[in-house]
Amino acid sequence: SEMCIRDSYRTDLSIKFQGKTFSDVAATIYNEFQGILFGIELDVDGQTIIRLNPGPYVIPDTVDNNVHVYIICEDKKVADQVATYDMTSEEINTFQAQKLARTKKGSEKTGGGERGEYNEIPGSEEPEEDDTNYTRLDKSIEDNDLVESDYVLLSEPVSLMHAQMITIQESIEITNHIVVCGLHPSIYYFLLPLRAAYLKDLQYVVILTPSPPSNDVWECISRFPKIIYIKGSPLISEDLMRANISFAEKAVVIGRELSDVKEESTIDEMLDAESVFIYKAIKTVSYTHLRAHETPEHLVCRLLLEKK
């Protein structure tokens with residue numbers, strides 16, 4: 001079987017999703033396209049706001065607020081379908097014309113300056129952080145970041161010691177799982193939509209990394225069910241086999257945090273190089289065991305969280 005790569009995309013959001021909660025939109029996208037919606041971006045009073053998985057937040061006018069969403073899906077074609085979901089040809093044409101007009105209007109206001117539409121009025125000051133509209137929207141998202149009824153959570157957190165396993169290679173129960181290669185402080189936001197209440201079945205998530213999660217990171221994810229930690233390197237075939245990579249449905253390569261590297265280009269190069277090496281390691285191990293076990297098609301997903 002051929003390995004296919006899933007990636008994350010930033011795309012427009014159909015007008016048909018206006019007035020629906022982020023959770024409802026995520027459920028529709030999952031059911032219709034098998035895509036995972038994990039973030040939203042919108043403009044309010046010249047400020048761009050990005051929030052990850054704000055479950056109960058109600059989607060506003062997608063044109064006026066320049067709404068974009070972030071989605072993990074099979075390819076760009078699927079992302080484009082999300083942008084025009086359930087829209088007629090006439091609605092699509094109108095939508096695109098409105099977006100174009102908004103872009104032109106924004107360009108005229110900025111006049112080539114660096115501070116966006118606040119350059120429109122000479123001497124005007126950028127709005128304070130407590131600007132009414134900005135604060136109301138920002139607060140409505142952050143205060144409702146996690147509504148327990150929207151997600152499947154354990155009543156009590158699981159300790160890292162109980163979640164850690166040496167191997168699941170011979171496991172019959174833990175298959176069709178997701179192997180997360182690497183660790184990042186933002187992993188909580190990746191796991192959150194995978195524990196949404198609308199999902200019919202919850203997959204095991206196996207975190208494979210040389211160093212265990214910090215106490216702060218583990219505290220954030222310890223109430224998610226079916227999370228396993230295996231100490232090892234995704235660059236080592238034996239460690240990948242201990243994570244039962246041959247029977248995994250997906251492998252997610254997460255770019256680690258490189259705070260000690262100052263040059264932005266250097267960070268990009270290091271993250272990309274490491275991801276490529278991990279991908280090749282997974283591909284090599286999976287092909288070997290695909291031939292041996294005749295397992296179904298495997299899926300590798302490459303995702304860099306908060307890559308700067």
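A nonpolar core is a set of buried Ala, Val, Leu, Ile, Met, Phe, Trp, Tyr and Cys residues joined through side-chain atoms within 4.5 Å. Buried means under 20% relative accessible area, exposed means over 50%, and partly exposed lies in between (1.4 Å probe, protein chains only). The model shown is predicted, so local features need pLDDT of at least 70, side-chain atom pairs count only at pLDDT 80 or more, and totals for chains, interfaces and linings use all residues. Residues are numbered from 1 along each chain as its sequence is written, and side-chain values use heavy atoms, with hydrogens and water left out.

**View 1. The largest nonpolar core has 29 residues.** Five members touch the most others: V180, I187, L191, I207 and I221. At least two core residues come from each of β2 (36-44), β4 (68-73), α5 (160-163), β5 (178-181), α6 (187-191), β6 (205-209), α7 (215-221) and β7. Helices (H or I, at least four residues) and strands (E, at least two) are DSSP runs, numbered from the N terminus. Which element gives the most to this core? Helix α6 does, with four residues.

**View 2. I221 and its contacts.** Contact means heavy atoms within 4.5 Å. Neighbours within four places in sequence are left aside here. I221 is then in contact with I187, Y188, L191, I207 and I227. A second, separate core holds 21 residues. Among them are A26, L37, V67 and A79.

**View 3. L192 and N53.** L192 lies in the loop between α6 and β6. Is L192 buried or exposed? L192 counts as buried, because its relative accessibility is 1%. N53 is 139 residues from L192 along the chain. Yet the C-alpha atoms of L192 and N53 are separated by 7.3 Å.

**View 4. A salt bridge between D12 and K99.** A salt bridge is a side-chain nitrogen of Lys or Arg within 4 Å of a carboxyl oxygen of Asp or Glu. The structure holds six salt bridges. In the one between D12 and K99, the closest N and O atoms are 3.3 Å apart. This pair links distant parts of the chain, 87 residues apart. D12 sits in strand β1 (residues 4-12), and K99 sits in helix α3 (residues 89-110). D12 is partly exposed, with a relative accessible area of 22%. K99 counts as buried, at 12% relative accessibility.

View 5. K76 forms a salt bridge with D80. Their closest N and O atoms are 3.1 Å apart. D80 counts as partly exposed, at 35% relative accessibility. D239 forms a salt bridge with R242, and here the closest N and O atoms are 2.9 Å apart. D239 counts as buried, at 12% relative accessibility. R242 is buried too, with a relative accessible area of 19%.

**View 6. F33 and Y85 form an aromatic pair.** A pair of aromatic rings is described by the distance of the centres and the angle of the planes. Rings of Phe, Tyr and Trp (its six-membered ring) pair if their centres lie within 6.5 Å; planes under 30 degrees apart count as stacked, over 60 as edge-to-face and the rest as tilted. A search of the whole structure finds five aromatic pairs. The pair of F33 and Y85 is edge-to-face, with 6.1 Å centre to centre and 85 degrees between the planes. F33 lies in helix α1 (residues 22-33), and Y85 lies in the loop between α2 and α3. The two are 52 residues apart. F33 is buried, with a relative accessible area of 16%. Y85 counts as partly exposed, at 21% relative accessibility. Ring pairs also link F17, F33 and Y85 into a cluster.

**View 7. F38 and Y70 form a tilted pair.** The ring centres are 6.3 Å apart and the planes stand at 45 degrees, so the pair is tilted. F38 lies in strand β2 and Y70 in strand β4, so the pair ties together parts 32 residues apart in sequence. F38 is buried, with a relative accessible area of 11%. Y70 is buried, with a relative accessible area of 18%.
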